Amino acid sequence: MSSLLEIDRLSRHFHGLRAVDEVSFGVNRGELVGLIGPNGAGKTTVFNCIAGTLAPTLGELRFDGARITGFAPERVAALGIARTFQNLRVFPDITVYDNVSVGAIGRAGVSFAGALLPFLERGRTRRIADSTSTALERFGLAAHAGTLAGNLSYGQKKLLEIARALALEPKLLLLDEPAAGLNGNETEALAVLVRDLRDAGLTILLVEHDMPMVMRVCDRIVVLDSGRLIADGAPAQVRADAAVRAAYLGDDS
Amino acid sequence: MFDSFVAGQLAIGASVGLTYALVAIGFTLIYRVLSAVNFAHGEVYTLGAFATLVAVTTLKAPPLAAVPLVIVVGLAAGLGIERVAFRPFRRFTDEASLKSRAVREATLLSSLALGIVGREAMDQVWHGQWLAIPQDKMLNQPVNLGGVMLSAGELAIAGLSLVLLVGLQWLLLRTRVGLEIRAVSSNLVGAQFSGIDINRVVLATFAVGSILGALAGMVVSLAYGSIQSSMGLTVVLKAFVAMVIGGLTSIPGAVVAGVLIGVAEGAASLWVASAWTEMVAYVLLIFTLIFFPRGLFRRRGA
């Protein structure tokens, strides 16, 4: 297995606070990696640095062999990294179908002529329609295609956001706390879905607070504490790690 | 009671209202995408009128041949406004700044300032005079529409409003650029992470909106024949009122509200001196805000 994403001594400081401090790890192709740690450990900051929301203070990010340190979000997305958000970023006042279409467009790219006169580019237009429909089917959202996204339930919005990210046909999917706010059944369905995506060959980096889910679905787990990497290994290994227990799992393990 | 004088006043009001509507289309489009008011839009309208004047006098072109020049002028003005008054405030790309009220209010002031600079500059160039489009170039041929006399120019204003409105709805709802524009206006950050280049979409919006504004200036100057450097000021304020009454983000709403304001002004002129009719739009605005605080045509979820 080769590394799809390499994080090399990544640091991000906020006014002297080292939110992320020299963190290095990799994500191999086809691997489902969990990124965990107590609140304030720096998980979301790492995510934001990868996705281009934040520029790293120090360190380097490589994706598919090329340097992506400090790239703008739309550029990172175009290279094949899609992300979802802890607090949702769906487009509330456009339809479910169009929400997913936006992702598909991001992938297919837009030429000026094709943008204004879609019939000039039938092939591309059809590909966008196809990947949109496929994504909707897969997430059981096809019945809601014409609904405004703002009218979906919270759980459906979470799924919609993943569907939109997948319509980008990414090489790497970043999921930021997808189970937050979901009930037991929804979390269960989500775990199955995430595992299916991984089995279909997608590389995934998952930030999640729901420990049982992370332990069950992930191939490997990276643990952060106060901005530092304290463990990196298989779920069983991480579970047994003394530093991790002390920092994070604490009493409930 | 519905004699031809009343009908005539209402028709004039409607055609003036369509002018507001025409300007409100581009103005509302830009607001919809950026949630920012572009007060320099009125000067784009004025520039469109001056470009028309130059085309028909200096270049001796027939009225409709002014269209390409007006489009180029509108495009250049729109891109210039975006670059000078809006882009500098988007350099903070973190989410808090993108959503910040302060940044939006800053662009309101920067566009207002740029509009004033543009207006003063045009005032210097044309000495603040009312300039006239030559009679033979004007669209002033009378047209009899079921007993109500209108000029060809007034019909052109109505026709252009309708075409632009339908065209814009088509652009927004049926094309990929339109979907990108709607995505950016719905959730800037989500759009960015879906691979949309925000700067490109914002530029496209300013280009389209400003071309519409310049075309409005062209048709209005051809219809009424007189041009002055501050002509954009009252119109942009009426367009702003129309946008608010129409529900802020609804382009058809702004058009209906624009016509409504014009008709109300026409109706008011039946009872009060014409100088007082300027107040009508603002009175309507106050009543709308009291009784329909979200505007008359606010879209769901917006």
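**View 1. Contacts of B:I25 in the predicted model.** In this predicted model, B:I25 is in contact with B:L164, B:L165 and B:L168, with B:L212, and with B:I251, B:A254 and B:V255, when neighbours within four places in sequence are left aside. B:I25 is also among the residues with the most contacts inside the largest nonpolar core.

**View 2. The largest nonpolar core.** This core comprises 166 residues. Those with the most contacts inside it are A:A163 and A:L206 from chain A, together with B:A24, B:I25, B:A214 and B:A242 from chain B. The greatest contribution comes from helix α9 (residues 198-224) of chain B, which supplies 17 residues. In chain A, domain 1 (1-76 + 173-253) and domain 2 (81-169) both give residues to the core, which therefore lies between them.

**View 3. The open sheet of chain A.** Four strands of chain A are arranged in the order β2-β1-β4-β5, with antiparallel pairing. Because β2 (17-28) and β5 (66-67) of chain A each have a single partner strand, they stand at the edges, and one side of each is left without a neighbour in the sheet.

**View 4. Pairings of strand β1 of chain A.** Strand β1 (residues 3-14) pairs with β2(A) in the antiparallel sense over 8 bridges. Within β2(A), A:L17 is the residue opposite A:F14. Strand β1(A) is also joined by 5 bridges to β4 (residues 58-63) of chain A, again antiparallel; here A:D8 stands opposite A:E60 in β4(A).

**View 5. The hairpin of β4(A) and β5(A).** These antiparallel strands are joined by 2 bridges, and A:R62 has A:R67 in β5(A) as its bridge partner. The hairpin has 2 residues between the strands, and A:D64 adopts a positive phi near 55°.

Terms used. Residues numbered from 1 in each chain as written. Chains lettered and ligands numbered in written order. Predicted model: local features only at pLDDT ≥ 70, side-chain atom pairs only at ≥ 80, totals over all residues. Core = buried A, V, L, I, M, F, W, Y, C linked by C-beta atoms within 7 Å. Buried ≥ 20, exposed ≤ 12 C-beta atoms within 10 Å, placed from the backbone. Domains from an automatic or database assignment. Contact = placed C-beta atoms within 7 Å. Pairing = 2+ DSSP bridges.
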